Amino acid sequence: ESLNGFYADNGLEVTDDDPTDTSALKSWLLYDGGEFAGATTLAYRQGDFIIDGIAVDKDHRNGRLGTGLLKTALDEAKNRGADRVFLVARAPEFFRANGFVTVPRDKAPEFFECAECEQYNVSCFPEVMCFDFPKEK
């Protein structure tokens, strides 16, 4: 919850009233030269792991910080036994470049609150996406 202000300042819709029980497992804060530059949160909802927020401050973008945050969260999920990780992407091309694929909403946990947002399908076109960890032989 303490990251909600940062996430909101960087274009994510966040609320303190989550209609579905979500357990935040771990968050990572990234500093660059003493400045707060980015954050991500790994959570668990309805039996699935989700990236419940990932943002890099606009002054620190395009330096691979987001990729590092995403990889850190994925590594943590894998270490916790995840087979896959879901998220709602406002920047789907970034996530596609990092191995995520778009999935139908009904194939993901119920975490797509975007439909109630006034920006939804007007100025914001989010996609539900999933990263499947490779099966080990």
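## A tour of the rings and cores

By the ring rule used here, the count comes to 6 aromatic pairs. Rings of Phe, Tyr and Trp (its six-membered ring) pair if their centres lie within 6.5 Å, and planes under 30 degrees apart count as stacked, over 60 as edge-to-face and the rest as tilted. Before you click around: this is a predicted model, where local features need pLDDT of at least 70 and side-chain atom pairs count only at pLDDT 80 or more, while totals for chains, interfaces and linings use all residues. Residues are numbered from 1 along each chain as its sequence is written, and side-chain values use heavy atoms, with hydrogens and water left out.

**Stop one: two ring pairs.** Select Tyr31 and Phe36. Their rings make a tilted pair, 5.4 Å centre to centre with 45 degrees between the planes. Tyr31 is exposed at 52% relative accessible area, and Phe36 is partly exposed at 26%. For these labels, buried means under 20% relative accessible area, exposed over 50%, and partly exposed in between (1.4 Å probe, protein chains only).

Now jump to Phe131 and Phe133. Ring centres here are 5.1 Å apart and the planes sit at 75 degrees, so this pair is edge-to-face. Both partners are buried: Phe131 has 15% relative accessibility and Phe133 has 10%.

Keep Phe100 highlighted. Which residues does Phe100 contact, leaving aside its neighbours within four places in sequence? Show Leu70, Leu74, Val85, Leu87, Phe95, Met129, Cys130 and Phe131; contact means heavy atoms within 4.5 Å.

**Stop three: the cores.** A nonpolar core is a set of buried Ala, Val, Leu, Ile, Met, Phe, Trp, Tyr and Cys residues joined through side-chain atoms within 4.5 Å. The largest one has 20 residues, and Ile51, Phe95 and Phe100 touch the most other members. H2 gives the most, with 5 residues. (Helices, H or I with at least four residues, and strands, E with at least two, are DSSP runs numbered from the N terminus.) Next, pick Phe86, Ala108, Val128 and Cys130, which are among the 7 residues of a second, separate core.

**Last stop: a polar contact.** Go to Thr41 in strand E2 (residues 35–45). Thr41 is buried, at 7% relative accessible area. Its side chain joins that of Ser27 through a polar contact of 2.8 Å. That term covers a pair of N or O atoms within 3.5 Å; within protein, one must be able to donate a hydrogen and the other to accept it, and residues adjacent in sequence count only if both atoms are side-chain atoms.
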